[in-house]
Amino acid sequence: SAESVVIYLPVLPGQDMPAPSEGAAFERIAARLHGRDTVLITEASRKRLGPFARVPDVLCATFEEAMEWFRQHHWIP
C-alpha cells in the first residue's frame with residue numbers, strides 16, 4: 001500500500017559488499033511489480049550490488065544524499 005519503498009543496505013565492517021537481506025530483496029521486487037518507486041541507500045557502489053539490488057530507481061550512497069533527493073522531489077520539506 002506504500003507509494004514508494006526506501007531500503008538501507010549497510011556495508012558490514014571489513015566487507016566491500018552490502019549485507020545480504022532476503023527481506024529487503026523481496027520488498028524491492030514487490031515494489032517494482034506494483035509500480036512503486038524504490039530508493040536504495042548503501043555505501044556500496046552499483047558494481048558491488050547483486051542482481052536484485054540493481055532494481056532500485058534511485059541509488060544513494062548516504063542518508064544525507066537520500067535526504068537531499070527527498071527534498072528535491074518534495075517528499076519532505
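The structure is a predicted model, in which local features need pLDDT of at least 70 and side-chain atom pairs count only at pLDDT 80 or more, while totals for chains, interfaces and linings use all residues. Residues are numbered from 1 along each chain as its sequence is written, and side-chain values use heavy atoms, with hydrogens and water left out.

The sheet is open and has 3 strands in the order β1-β2-β3, with parallel pairing; strands (E, at least two residues) and helices (H or I, at least four residues) are DSSP runs numbered from the N terminus, and two strands pair if DSSP finds at least two bridges between them. At the edges stand β1 (4-8) and β3 (58-60), each of which pairs on one side only. From one strand to the next the twist averages 15°. Strand β2 (residues 37-41) pairs with β3 in the parallel sense over 3 bridges, and Leu40 stands opposite Leu59 in β3.

Two helices lie across strands of this sheet, as the table shows. Angles run from 0 to 180 degrees between N-to-C directions, with axes fitted as lines to C-alpha atoms, for helices over the stretch in contact, and contact means heavy atoms within 4.5 Å.

| Helix | Lies across | Angle |
|---|---|---|
| α1 (residues 22-33) | β1 and β2 | about 155° to β1 |
| α2 (residues 63-72) | β1, β2 and β3 | about 140° to β3 |

The buried residues of α1 (under 20% relative accessible area, with a 1.4 Å probe and protein chains only) are Ala24, Ala25, Arg28, Ala30 and Ala31, and the buried residues of α1 pack against β1 and β2. After α1 comes Gly35, whose phi is positive, near 70°.

Notes: Buried means under 20% relative accessible area, exposed over 50%, partly exposed in between (1.4 Å probe, protein chains only).
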